[in-house]
Amino acid sequence: MSSAAFPVAGTSAGRAGSGAGLWIAPPLLLLAGSFFYPLAFVAGQALMGDAGPPTLGHFGAVFRTAVFQKAVVHTIEIALAASAGCLVLGLIFALILTFVPFPGARVLARLIDTFIALPTFLVALAFTFVYGSAGILNASLMDLLHLPLPPVDFLYSAAGVILAEVTVYTPFILRPLLAAFSLIESAQIEVASSLGAGPWRIIRQIILPAALPALLAGGSLCLLLTVNEFGIVMFIGAKGVITLPLLVYDKAIQEFDYTSACVVAVVNIALSLSLYSLYRFVVGRFGGRLAGLE
Amino acid sequence: MTASEFALEGVQRTPARAALAPAAGTGIGFEGVSVAYRGATVLQDFSLRVPPGEIVALIGPSGSGKTTALRAIAGFVRPVQGRVRIGERDVTALPPYARDIGMVVQNYALFPHMRVDENVAFGLRARRSPEALASERIRECLSMVGMLDFARRYPRELSGGQQQRVAIARALAIRPQVLLLDEPLSALDAQIRRNMLDELARLHRELPALTILYVTHDQTEALTLADRIAILRDGRLVAYGPSQALYRRPPNRFAAEFLGRANLLPVSVERITEAGRMASVRFGDGRLQAQRHPQLHVGDDCLLCIRPHEVSLAPPAEAHNSLTATVQSVVWQGDLHSIALEMEDCILRLVCAPMRDPPRPGHPLELHFSAQDSILIPVDHGEHV
């Protein structure tokens, strides 16, 4: 390339660069106005309250309340339990669908997938119809056993929330696991079997190590989603089960305590961002392709 | 068992290597085995006996059922009919992990998250072998395939040939009764394939009691390695016998054409000679001598099979047959010349050492071959044994 070519190329690149900058400006402004400003406003409200200099005093006040502490504990407990449930159920489903093929397995996998498309509260509503005090199960059992009170009474508790979340979020584990399992060479399993390994050893030593990235990434995603779950907790209305998103709702909509709501929201956002960072780290570390997520 | 019992062709096996061999040879038996996938029969009434300590190659075109036969022995497919035996044991209903077999597949199937020594140890640990024994066996097997220095590497850090050696070591570590090789060299390039073929031959010399069933579509691999060859077509066994005998006296047209190259000349039997062992046949206007097939009688139409390298331009001392043909093409292939000739509406090929002055297309050539090297093959019912 001649030296004369450089200034031309440079000019052209410079123009392209400034042009690109102009094109980026409107979406950036839109993003700032519709997303970053409200977030900044929430953070500002949490620090300053209705008026006054920035202080961490509002955080301290909220952190000391029993309801906040319970909400943090419930949020983490429910998220961990639901994610663990999703991992176990997703793993079992994925193993059966992949390695114990049966007629309709593919249809069943698609059916489970459709849960991703449904609004989360719908599952809670369905659970109410089935397991609620006046639901099908309790009504049938009361009729059958002549019981005065509904015998199945788990729905309006943390267990009900966890079960509903497991039902909704298991596909988030199942999908990457199915993708990961499809990458395992059947020859590896056959050779392992010929070497004397039984089914459990093959699952433990061949299949699970290959599926570990998918399990970790899917588990992180579940954790992230269950921490932020609002619809299920709200709809089930379990007694004494308040999570961080529900506490934000209570403080803002029912008590009009916007400062406290913003403090809880900031904590919720921090927790979510931490989990999202974990999720990205897992996907990046083990490879999204292997995890079936990219 | 003493080390001297393992002596073979003057080579004294080391006690360490002797320990890898099964205590005594174990044969394999297929008895009328049929396998079907979704109603389609892929292996039909397949019967075969693999003698203990021999290498038997299953060859055939794609879809002929050779891999299915191997998978039936391994236990990965369940026959709809027939029995499968390893030694005297009927293993038809046994799961793969209870069959005591070693298996090596085309793409190696090493466990990617395990190091080389962990791969080799897998079968031993699955069988709950004591750790001391496992360590010793890992060393023996890796040293046997020349991979001891690579014990702490991951499979991804090895070449294709090295991965295949590890796969062989892994299969041998459990000291299997039989070793199943499913196109083990197909994924390797030509040079490494030749080397690995030599390695496998050496391995079998060192483990003479090990019975090996070797599936391949490569006739050279089969001829180089196998004591016996079974040829399959459309799920049926069409030929089976000692490698050299099958090559020199193919029982049917398919075997003749699949196992090496063959010139097949349409002839008719005129006279049976030498107590029924030889036959005089008519080819066009001329007469040729060939070994007789027991099913052929005077007046039968059949094929005369002669291998390209058995045809010569100079008459050898024992040549009984001479033909004149016109050169159609001459191809130099490095270490040989391949010449295609035309006569009586037939194409005949011969291969010979490279010539300084090869014949030119269109020129007539006098061809000679021995009656002992030519064999008659029935035409009509030559498809099945």
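Start in chain A: six residues of domain 1 of chain A are in contact with eight residues of domain 2 of chain A. Contact means that the C-beta atoms, placed from the backbone, lie within 7 Å. The touching side of domain 1 divides into three nonpolar, two polar and one charged. Here Ala, Val, Leu, Ile, Met, Phe, Trp, Tyr, Cys and Pro count as nonpolar, Asp, Glu, Lys and Arg as charged, and the others, Gly among them, as polar.

This is a predicted model: local features need pLDDT of at least 70, side-chain atom pairs count only at pLDDT 80 or more, and totals for chains, interfaces and linings use all residues. Residues are numbered from 1 along each chain as its sequence is written, with chains lettered from A and ligands numbered from 1 in the order in which they are written.

Now colour chain A by domain. Select 1–54 for domain 1 and 56–291 for domain 2; these bounds come from an automatic or database domain assignment. Their C-alpha centres lie 37 Å apart.

Next, show both chains. Their contact takes 15 residues from chain A and 17 from chain B. On the chain A side, select helix 8 (186–194) and helix 9 (199–227), the elements that give two or more residues. Helices are DSSP runs (H or I, at least four residues), numbered from the N terminus. Helix 8 of chain A gives the largest share, seven residues.

Finish in chain B. Select helix 3 (residues 116–126) and helix 5 (residues 160–173): their axes come within 7 Å and cross at roughly 25°. Axes are lines fitted to C-alpha atoms over the stretch in contact, with angles from 0 to 180 degrees between N-to-C directions.

Notes:
Contact = placed C-beta atoms within 7 Å.
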